[in-house]
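I opened the model to look up a handful of local features. The entries below follow the order in which I went through them.

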Amino acid sequence: MSALRLEPLSTHDAEAYWRLYISGRSDLPSTSLTDHLDRYLALSPEEQRTHFAFLRGDAIVGTVRIEIGAAESPGANLYGFAMGPEHVSLTKDAIVRAVDAAFARGASSITSSFDERYEAAFAAAGFRRWFARMRMEAPIRTGPVESAVLLKPPEEPEVALLTRLFMDVYEGHMEQAFGIHVGPEEEWRGYVTGIFKGDAGRYLPSASFVGLEGKRIVGALLATHWMGCPLVADLGVSKEWRRRGLGEALLRSSMNRLADLGEKRFALYTTLGNDPAISLYRRLGFEQAGAQTVTARLQM
Ligand SMILES: CC(C)(COP(=O)(O)OP(=O)(O)OC[C@H]1O[C@@H](n2cnc3c(N)ncnc32)[C@H](O)[C@@H]1OP(=O)(O)O)[C@@H](O)C(=O)NCCC(=O)NCCS
């Protein structure tokens with residue numbers, strides 16, 4: 001029996017690679033091979049080179065991405081991990097190989113995100129859970145919207161106001177302990193502009209809304225179309241406006257517009273423990289879709 005090897009993905013193997021990846025994960029937004037292939041082929045050559053295949057003989061039996069950080073903070077990110085259903089017995093061996101490869105490239109710590117089905121194997125290799133995220137989906141339902149403030153689609157010149165809103169919304173938020181929704185104003189501006197430009201999928205201007213108190217934005221929902229489904233790219237309500245129905249009004253307004261566009265489902269990602277958001281989502285019919293994506297860490 002031939003041993004497991006870890007090799008850079010060569011583009012002519014991309015189809016087999018993504019087919020295997022889809023078969024080994026249940027936390028994916030889409031199981032369409034075309035969606036995954038198209039995303040991969042649109043990456044820069046440098047990003048494509050972060051993809052590695054686990055091979056047995058000539059057959060791809062697993063997938064992983066390995067990204068090494070800058071020299072001054074040589075942490076590695078290990079993600080995109082999957083094993084083909086017939087090769088799960090090789091999971092621990094595969095993780096050890098990926099970890100060795102990351103350390104051999106100079107990493108001193110590794111952060112990995114993976115489908116929860118692989119958690120026991122990652123734990124056996126020394127990884128400890130840091131946090132987990134889940135996808136939630138709801139059927140689109142229409143209905144009346146009650147809002148104490150004016151709701152209207154955001155406009156591009158409002159990037160500065162939206163940046164300030166989201167910085168305020170996430171200040172002290174539980175996700176910041178996990179390095180999510182952090183950073184200086186410039187990064188936040190890049191984040192908001194990036195949503196408009198397509199970083200989180202095709203921006204949906206007519207299904208996105210801001211809540212205005214006078215000229216001030218006090219809440220916003222930015223919607224995109226990503227991997228075959230409308231997505232809440234971000235939703236936030238300023239602290240002094242919380243628990244007054246604005247989050248719900250933003251979501252309901254967006255759902256009404258998506259229904260007009262003929263959409264059937266609405267999706268989003270949230271961090272486990274973000275209880276206010278999860279309560280709101282459940283109230284509007286969102287339920288967990290697929291497995292959790294766990295993020296875990298390993299120190300050398
Ligand atoms: C999540 C968030 C948008 C909710 O906005 P909001 O305007 O306060 O929500 P609403 O007033 O419309 O709440 C509607 C319902 O959601 C649930 N809910 C909202 N906040 C809650 C909380 N803190 N605790 C428990 N349930 C809550 C309740 O069922 C609530 O109805 P009720 O007030 O009649 O009990 C807001 O807390 C926020 O901006 N959080 C930080 C950003 C964030 O986490 N965004 C989600 C990204 S995935």
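**Entry 1: positive phi**

I started with His181, which is found in the loop between α6 (159–170) and α7. Helices are DSSP runs of H or I with at least four residues, strands are runs of E with at least two, and both are numbered from the N terminus. The model is predicted, so I kept to its limits: local features need pLDDT of at least 70, side-chain atom pairs count only at pLDDT 80 or more, and totals for chains, interfaces and linings use all residues. Residues are numbered from 1 along each chain as its sequence is written, and side-chain values use heavy atoms, with hydrogens and water left out.

I looked up phi of His181 and found a positive value of about 60°, although His181 is not a glycine. Most residues other than glycine have a negative phi. His181 has a relative accessible area of 18%, so I noted it as buried (buried is under 20% relative accessible area, exposed over 50%, partly exposed in between, with a 1.4 Å probe and protein chains only).

Met227 also went on the list: its phi is near 50°, positive in a residue other than glycine. I located Met227 in the loop between β10 (216–226) and β11 (229–237). Its relative accessible area is 12%, so Met227 is buried.

**Entry 2: aromatic rings**

For ring pairs I took Phe, Tyr and Trp (its six-membered ring) with centres within 6.5 Å; planes under 30 degrees apart count as stacked, over 60 as edge-to-face and the rest as tilted. The count came to 18 aromatic pairs. Trp188 is buried at 4% relative accessibility, whereas Tyr191 is partly exposed at 29%.

Next I checked Phe266 and Phe286, whose ring centres are 6.2 Å apart with planes at 45°, so the pair is tilted. Phe266 lies in strand β12 (residues 265–271) and Phe286 in the loop between α9 (275–283) and β13 (287–288), so this pair ties together parts 20 residues apart in sequence. I found both Phe266 and Phe286 buried.

I also noted one aromatic cluster formed by Phe54, Phe81, Phe114, Tyr118, Phe122 and Phe127.

I then looked for charges over rings (NZ of Lys or CZ of Arg within 6 Å of the ring centre and within 35 degrees of the ring normal). Arg244 lies over the face of Trp241, 3.9 Å from the ring centre. The charged end of Arg297 sits over the ring of Trp130, at 3.8 Å from its centre.

**Entry 3: nonpolar cores**

I used this rule for a nonpolar core: buried Ala, Val, Leu, Ile, Met, Phe, Trp, Tyr and Cys residues joined through side-chain atoms within 4.5 Å. Which members of the largest core touch the most other members? Among its 41 residues, they are Phe54, Val64, Phe81, Met83, Ile110, Phe122 and Phe127. Helix α4 (residues 91–104) gives the largest share of this core, six residues.

I listed the contacts of Phe127 (heavy atoms within 4.5 Å). Leaving aside neighbours within four places in sequence, they include Ile95, Val99, Ile110, Arg297 and Leu298. Apart from this core lies another, of 30 residues, among them Met134, Ile140, Leu280 and Phe286.

**Entry 4: helix α1**

In helix α1 (residues 14–23) I found Ala14, Tyr17, Trp18, Leu20, Tyr21 and Ile22 buried. The buried residues of α1 pack against α2 (33–41), β2 (51–56), β3 (59–68) and β4 (75–83).

**Entry 5: two single residues**

Is Leu150 buried or exposed? Leu150, found in strand β7 (residues 150–152), is exposed at 53% relative accessibility. Its contacts, leaving aside neighbours within four places in sequence, are Val210, Gly211 and Leu212. I also noted 8.6 Å between the C-alpha atoms of Leu150 and Gly214, 64 residues apart along the chain.

Ser254 lies in helix α8 (residues 246–260) and is buried at 0% relative accessibility. Not counting residues up to four places away in sequence, Ser254 touches Ala207, Phe209, Leu221, Ala223 and Phe266.
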